[in-house]
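Visitor: I have a model open and would like to learn how to read its features one by one. Could you walk me through it?

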Amino acid sequence: MTAGLARALRVRWSLFGGVLLLAFTVLGLAVRDRPWGLDVALLWALHGEWLDAPGLVAGVLSNIFGPVLPVALGLAVTVAAVRAYRGGDRVRASLLVRVTVVLVLCRLTSFVFKPLFERDRPREYPDLSYPSGHVVSVASTGFAAVLLCAWLAPRLLRRMTLLALAATAVAAACRVVLSVHWFTDTLGAVLAVGGVGLVSAVALRLLPVLSDRGPAA
């Protein structure tokens, strides 16, 4: 990949990330005080389901597809980075550390932005609503996992991308079924993670992926 092409791709990824963050902000401002019609329609369609079998299943899945995932991946990647550094592979160690930084920055979006929008939950529930922390957790984990595959196991990239998307969709559906988040909370989570993930990955030289070279130091 030529330097000019790499530079152009970095600009493109950065702009796309910026657009996602702008969309996240606009959406948050639009729904902060009043839910969208789709939000209300889903809330009524699923009214009381969180007390029945669908809610039980969604609750179990939420415990799996939630905040535990980025913590587990972050610890695993950090340990791998330490081992790579001690083994003399500082290039791989640098890559793993940078992916961990992207993971942390993406995960922080729910902590940072919830107090800024101060959106109420669909029902009585602790904490604020926009964006969904569970969906942010799963999307952050998926984004970091896709970056790892892109650099270290390209043959698994398509499979990991589909898995990340599916896991994020499951997390979003569970939070809506449980009536602890509006649909737009879950959409905002995806926009926030996508935006922060792309911008930070470009800044840390993880995008574009230079398939004809080793990981950029």
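Visitor: Which residue forms a salt bridge with Asp-89?

Guide: A word on the source first: this is a predicted model, where local features need pLDDT of at least 70, side-chain atom pairs count only at pLDDT 80 or more, and totals for chains, interfaces and linings use all residues. Residues are numbered from 1 along each chain as its sequence is written, and side-chain values use heavy atoms, with hydrogens and water left out. Now the general idea: side chains of opposite charge can pair when their charged atoms come close. A salt bridge here is a side-chain nitrogen of Lys or Arg within 4 Å of a carboxyl oxygen of Asp or Glu. The partner of Asp-89 is Arg-92, with the closest N and O atoms 3.5 Å apart.

Visitor: How many salt bridges does a search of the whole structure find?

Guide: The search finds 5. One of them joins the side chains of Arg-119 and Asp-39, at 3.1 Å from N to O. This pair links distant parts of the chain, 80 residues apart: Arg-119 is in the loop between α5 and α6, and Asp-39 is in helix α2 (residues 37–45). Helices are DSSP runs (H or I, at least four residues), numbered from the N terminus. Arg-119 counts as buried because its relative accessibility is 2%, and Asp-39 is buried at 2% too.

Visitor: Which residue pairs with Lys-114 in a salt bridge?

Guide: That is Asp-127, with 3.1 Å between the closest N and O atoms. Asp-127 sits in the loop between α5 and α6 and Lys-114 in helix α5, so their pairing ties together parts 13 residues apart in sequence. Asp-127 is exposed at 52% relative accessibility, whereas Lys-114 is buried at 8%. Elsewhere, salt bridges with shared partners join Asp-39, Arg-119 and Asp-185 into one network.

Visitor: Which residues form the nonpolar patch on the surface?

Guide: A nonpolar patch is made of residues with over 30% relative accessible area and no salt bridge, whose nonpolar side chains (Val, Leu, Ile, Met, Phe, Trp, Tyr) are joined within 5 Å. Here the members are Val-97, Val-101, Val-104, Leu-105, Leu-108, Phe-111, Val-112 and Leu-116, with about 670 Å² of accessible area together (Shrake-Rupley method, 1.4 Å probe). Leu-108 lies in helix α5 (residues 90–117) and is partly exposed, with a relative accessible area of 36%.

Visitor: What volume does the largest pocket have?

Guide: On a 1 Å grid over the protein atoms alone, a pocket is an open set of points where a 1.4 Å probe fits, with protein on both sides within 12 Å along at least five of seven lines; lining residues have an atom within 4 Å of a point. The volume, the space filled by probe spheres set on the points, is about 560 Å³ for the largest pocket. Of its 21 lining residues, Gly-142, Phe-143, Val-146, Thr-161 and Leu-165 are the closest to the centre. α6 gives the most to this lining, with 6 residues.

Notes: Patches are made of residues with over 30% relative accessible area and no salt bridge: like charges are joined within 9 Å, nonpolar side chains (Val, Leu, Ile, Met, Phe, Trp, Tyr) within 5 Å. Helices (H or I, at least four residues) and strands (E, at least two) are DSSP runs, numbered from the N terminus. Buried means under 20% relative accessible area, exposed over 50%, partly exposed in between (1.4 Å probe, protein chains only).
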